[in-house]
Amino acid sequence: MNIKWDADKYSKNFAFVHRYGNDVAELIDCKPGGTVVDLGCGNGALTNIIKNKGYKVIGIDASDELLDLARSNYPDIDFIQADATSFSLKQPADVVFSNAVFHWIDKEKQPLMLDCVNRALKENGQFVFEFGGQGNNALIHGALDDAFNKYGYSYKCPFYFPSIGEYASMLERAGFLVKYAVLFERPTELTGECGLKDWINMFVKRPFEDTEIKNKEEIIDTAVESLKKDLYKDGKWYADYVRIRMTAYKT
C-alpha cells in the first residue's frame, strides 16, 4: 500500500473513484451526528460528501500526497495519516466506511485490517465497503501478463480480488455478521484517448517496480493495443471493473 500518488492527476482523471462511492455511502446506517470513519479517504472528496449527510467524519489514509490535498480542500475535516492494517482511534466510531481500498491490501494482511476495523467500532457498529472483487480487471491483467511474457518478464497481479464467500468467511472470523453482499460487473469509462494507458500508469505500479524492466512503455503499449477490441468502444476506453460491496456489523 506504500504507493506514491500523483494527487492532482488522480483527482482530475480518476474522479470516478469517489463518484462511484456515492452509492456505497447510501448504505451507511447511522443517526445524524454519528461518527463515520472513511478508511482510505484519499483526496477527501467522498469524506466531505459523507460529512454533508450530517455525520461527524474522520478520514484516514497512508498517502502524504493525497492527505495534503484533502487537508487543503477540506480544512474543517479531521484527517489522520495511518495504514489501514495498523490504525487506531481515540474513541470508537459508529461506522467504518471504505471505497476502492481493500484490493490494495495483500490477502495475508487482510485479517490485520479487519481486526483494526473491529476495534475501531462501537458494539453493533456498521462496516460498509466496496472494492475490487473476483474477476476485477481480468482482461487488463491478462493482457499485461501476456505483454510481460512477450518481453521476457513474469507478471504478478498486485491486487487481492476475493469472492463473496471467501471475504464473508474472513469477516465472520474477525467478529462481524454479514448482512448484505453483492458482486457485480461495472464497466467504467476512462478519461481521454490515452485513458487505459493512463489508468495502467496510475494504478499498476508494483509489477514494474518489483522487476528491473527496461521496456515499460513498450509493454504497456502492447497490452493496450491488445485490449482495443474489447475495451475501446465508440471512441472511449473502459476498464472491466467487477466490484464486491458489503455491509457487516460488529458482533
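**Exercise 1.** Is Ala-100 buried or exposed?

Solution. The model is a predicted one, in which local features need pLDDT of at least 70, side-chain atom pairs count only at pLDDT 80 or more, and totals for chains, interfaces and linings use all residues. Residues are numbered from 1 along each chain as its sequence is written, and side-chain values use heavy atoms, with hydrogens and water left out.

Step 1. Buried means under 20% relative accessible area, exposed means over 50%, and partly exposed lies in between (1.4 Å probe, protein chains only).
Step 2. Ala-100 has a relative accessibility of 17%, so Ala-100 counts as buried.
Step 3. Ala-100 sits in the loop between β4 and α5. Helices (H or I, at least four residues) and strands (E, at least two) are DSSP runs, numbered from the N terminus.

**Exercise 2.** Find the phi of Ala-100 and of Asp-234, and place Asp-234 in the chain.

Solution. Step 1. Most residues other than glycine have a negative phi.
Step 1. Ala-100 is not a glycine, yet its phi is positive, about 60°.
Step 2. Asp-234, also not a glycine, has a positive phi of about 50°.
Step 3. Asp-234 lies in the loop between β7 (232–233) and β8. Its relative accessible area is 81%, so Asp-234 is exposed.

**Exercise 3.** Describe how helices α6 and α10 cross, and list the residues in contact.

Solution. Step 1. The axes of α6 (residues 138–150) and α10 (residues 216–231) come within 8 Å and cross at roughly 140°. Axes are lines fitted to C-alpha atoms, for helices over the stretch in contact, and angles run from 0 to 180 degrees between N-to-C directions.
Step 1. Angles under 35 degrees count as roughly parallel, over 145 as roughly antiparallel, 65 to 115 as roughly perpendicular, and the rest as oblique. Therefore α6 is oblique to α10.
Step 2. Contact means heavy atoms within 4.5 Å. On α6 the contact is made by Leu-139, Ile-140, Ala-143, Leu-144, Ala-147, Phe-148 and Lys-150; on α10, by Ile-219, Thr-222, Ala-223, Ser-226, Leu-227, Asp-230 and Leu-231.
Step 3. Sorted by class, this contact has 10 nonpolar, two polar and two charged residues. Ala, Val, Leu, Ile, Met, Phe, Trp, Tyr, Cys and Pro count as nonpolar, Asp, Glu, Lys and Arg as charged, and the others, Gly among them, as polar.

**Exercise 4.** Which residues have the most contacts inside the largest nonpolar core?

Solution. Step 1. A nonpolar core is a set of buried Ala, Val, Leu, Ile, Met, Phe, Trp, Tyr and Cys residues joined through side-chain atoms within 4.5 Å.
Step 1. The largest nonpolar core has 30 residues, and those with the most contacts inside it are Leu-39, Phe-102, Met-113, Val-117, Phe-127 and Tyr-167.
Step 2. Helix α5 gives the most to this core, with five residues.
Step 3. A second, separate core of 28 residues includes Tyr-155, Trp-199, Phe-208 and Ala-223.

**Exercise 5.** Where is Gln-110, and which residues does Gln-110 touch?

Solution. Step 1. Gln-110 belongs to helix α5, and its relative accessible area of 0% makes it buried.
Step 1. Leaving out residues up to four places away in sequence, Gln-110 touches Phe-102, Ile-105, Tyr-160, Tyr-167 and Met-170.
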